Amino acid sequence: MLRDSLQRTRQAFFGRIATLLGATELDDQTWDEIEALLIQADLGIETALAVTEALRERVRAEGLTTYEQLREALKETLLSMLPEDVPSALAEPRLLTVILVVGVNGSGKTTTIAKLAHRFTREGWRVMLAAADTFRAAAIEQLQVWGERAGVPVIAGQIGGDAGAVTYDAIRAARARDYNLLLVDTAGRLHTKYNLMEELKKIRRVAARSVHEAPHEVWLVVDGTTGQNALAQARHFKEAVGVTGVIVTKLDSTARGGMVFAIGHELGLPVRYLGVGESLEDLQPFDPQAFVDGLFDE
Amino acid sequence: MPMFEGLSSRLDGIFKELRKRGKLNESDVDAALREIRLALLEADVHYSVVKSFVARVRERAIGAEVARSLTPGQQVVKIVYEELINTLGEPGRLDLSGDPPHVIMLVGLQGSGKTTTAAKLALHLRRQNHRPLMIAADTYRPAAIEQLQALGRQLDIPVYSEGADVAPPLIAGRGVRAAGQENASVVIIDTAGRLQIDDEMMAELAAIRDRVHPQETLLVADSMTGQEAVNIAQGFSDQVGITGLILTKVDGDARGGAAISMREVTGVPIKFLGTGEKIDGLEVFHPDRLARRILGMGDVLTLIERAEAIEMDEAEALALEEKFRTASFTLEDYRKMLQQVKRMGPLSQVLELVPGAGEIMKQISPEDIDRQLKRVEAIINSMTLAERERPRILNASRRKRIAAGSGTSVQEVNQLLKQFRYTQRMMEKLSRQKPPANLRGLFR
Ligand SMILES: Nc1nc2c(ncn2[C@@H]2O[C@H](COP(=O)(O)OP(=O)(O)OP(=O)(O)O)[C@@H](O)[C@H]2O)c(=O)[nH]1
Ligand SMILES: [Mg+2]
């Protein structure tokens, strides 16, 4: 029974909303179902309620009746939850741009860094990587393999070593060797761990001391299959190290990543890229319109 | 997000209205269930699972007699809680019957924690006198093999690998054979993370399965997973067949509703919880604890159970309380209390069980506290009883002696004394406060 209902949800996500919105009478049950579909996309109950409320308001105020109108209104409402045109620090010219990549364990930081390195290299940046995950077994080797594949140098220390020191060394190396973009891979950590968040702050301070206004971007990598905890992650990492953007990974799965609406709405953080696979090319710049469309398509 | 502060506090309002009546009627129950539904959705339980769960509770609750000792609201919570425990099921034991070597295969999505869990499980089994061997069958993720090997070295547990250029089913097959020769009693196979919709990769898992016939195939899943949990569990269950679940990263603050979703779609038991990056961070699953967590009730009961296990003498407790109130609490009392607390387990873990302690944890480091407490104890132990009772007599030379005796510095001794005075004041303040309302309601 449960399986059937899931199957139905999967198959006709947008179709069902379309049918619902096309119904002549928008009764309470219809609204409940819209809310349900949003919840199943991981928007979270609060955001889902906010979206349906706003949509209801528009339907009332503007007297929307056709399916097309309602569908557009829903999409616009969702789009309005995402922050608009937040400028990227990458647009400003400088000698060395430093980007810190952070997130919980296993979210996809290291792989994403490799993808970013690949992408930025092709855009003409001279990219270097810093292996500041000195904690997890074989994390350094993992980044080194990726560095080789992406054709960019990796500055690494010893396992168990000081992550701040690695960051510092990497910044010096980047300067000395004339690299203009440094991506810092950090160890995965749960946002609730005090010590580890302090360590991250330290890495940030090291960067700030060595390069003017560094880190210029701090990107939080969030696993796209994560539920409501993603908001807690974003909130804590933002508070601790001033996250400036989000990258959502594993969206090649059937997960819809709806938690970015809560993150965007509550914290004003823009999504920068989406991870859609495990090879170097599997990174897409975030396109809000396409993302909203994808929430419902099957 | 005050809206989702925890079910118990939200239900409070409803309870108030329910308080008088004798039997649970439909409208009472529905009012309470609306809140339950929200709480479960907020905890990431899948929408459809919430629906069927709430329907089950409704059926049981309507017309139920309210026990004399409970308010109607508490009666509803009790039913919800019991039903949740039912749904989560009994803690699953590993099936290690029959002839060794017993083969355990770990499967799951990318980044769910399989490799770390393999090592934790190996350690857990060795502590039960098994002889584990791990097989590195993740040939995809860069340095995954090295990671398992490093963990194996750290634990002194053998790791079988053939590098990254051999097909995983072949590695697994030969690894299991090698295990027989090496006299290993359990084999744990670490497989690459994969999406359940990746047909090719799922077929590979089936091929490994058909080659080594694992006794246990455990789905390792991230406790932070959202609505996708049902698809994941369903996919692995259908295509590979699983015998149990391991929920990881439970040491974070995710409510863990995914566990219910996965249990419900697969019907297999939850066997372990991963509770930290350290290699011994693996716990046997307790349905009651997880149920409380999903409901947002904290793990208060566990704390109470632990506190009971200490069997603190009631009279002693009262005396202590009295001392707090009158601020006549001495360093000797402090030392006794530290010992009590220590018996409850590392403070870092104890704190995690206290609802609302999350706030405190953000500001201070629990691991630091544990370390700090050890030093504090050493310092107090180096004092004479008179000094403990009357810290005022601690002049410079006494402080120097204590520092030397405890292997600390005079600075640290001073720091402790300062802190102690502060604690005294805090205790005084705390004792004037009432316990939080929702807790009082729950444990009357
Ligand atoms: N399918 C899919 N897998 C991904 C994606 N991004 C990362 N992964 C996989 O997720 C797993 C974990 O990725 P890592 O890059 O090691 O994650 P991490 O955050 O660096 O992990 P820790 O450093 O251990 O915290 C690997 O198996 C990756 O291949 C993605 O967009 N799609
Ligand atoms: Mg990493």
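Which residues touch the most other members of the largest nonpolar core? I started my notebook with that. The model is predicted, and I kept that in mind throughout.

**Entry 1: the cores**

I looked up the largest nonpolar core, which has 142 residues. A:Phe261 and B:Phe236 touch the most other members there. I then listed the contacts of A:Phe261, leaving aside its neighbours within four places in sequence. They include A:Leu43, A:Leu78, A:Met81 and A:Leu82. A:Phe291, A:Val292 and A:Leu295 are also among them. One of the contacts is a threonine, A:Thr47. I also found a second, separate core of 26 residues. Among its members are B:Ala122, B:Ile188, B:Leu218 and B:Leu282.

**Entry 2: chain A as a whole**

I went through the helices and strands next. Chain A has twelve helices and eight strands. It has 298 residues, and 59% of them count as buried. Its accessible surface comes to about 11,900 Å². Carbon and sulfur atoms own 49% of that surface. I also checked contacts between residues at least 6 apart in sequence. In chain A, 75% of these join residues at least 24 apart.

**Entry 3: A:Val221**

Is A:Val221 buried or exposed? I found a relative accessible area of 0% for A:Val221. Buried means under 20%, so A:Val221 counts as buried. This valine sits in strand E5 of chain A, residues 217-223. A:Gln233 is twelve residues from A:Val221 along the chain, and their C-alpha atoms are separated by 9.8 Å.

**Entry 4: ligand 1**

Where does ligand 1 lie? I found it between chains A and B. There are 23 residues around ligand 1. A:Lys109, A:Thr110, A:Thr111, A:Arg136 and A:Glu278 come nearest. Helix H6 of chain A, residues 109-122, gives the most to the shell, with four residues. I sorted the shell by type: two nonpolar, 13 polar and eight charged residues.

Then I looked at oxygen atoms of ligand 1. One is 2.8 Å from an N or O atom in the side chain of A:Arg136. For the side chain of A:Lys115, the distance is 3.3 Å. A:Lys250 uses a backbone N or O atom, 2.9 Å from a ligand oxygen. Taken alone, ligand 1 exposes 650 Å², and the protein buries 96% of that.

Notes. Residues numbered from 1 in each chain as written. Chains lettered and ligands numbered in written order. Predicted model: local features only at pLDDT ≥ 70, side-chain atom pairs only at ≥ 80, totals over all residues. Heavy atoms only, no water. Near = heavy atom within 4 Å. Polar contact = N/O pair within 3.5 Å; in protein donor to acceptor, adjacent residues only side chain to side chain. Areas by Shrake-Rupley, 256 points an atom, 1.4 Å probe, with all protein chains shown as cover. Helix = DSSP H or I, 4+ residues; strand = E, 2+ residues; numbered from the N terminus. Nonpolar A, V, L, I, M, F, W, Y, C, P; charged D, E, K, R; others polar. Core = buried A, V, L, I, M, F, W, Y, C linked by side-chain atoms within 4.5 Å. Buried < 20%, exposed > 50% of the residue type's maximum accessible area, 1.4 Å probe, protein only. Contact = heavy atoms within 4.5 Å.
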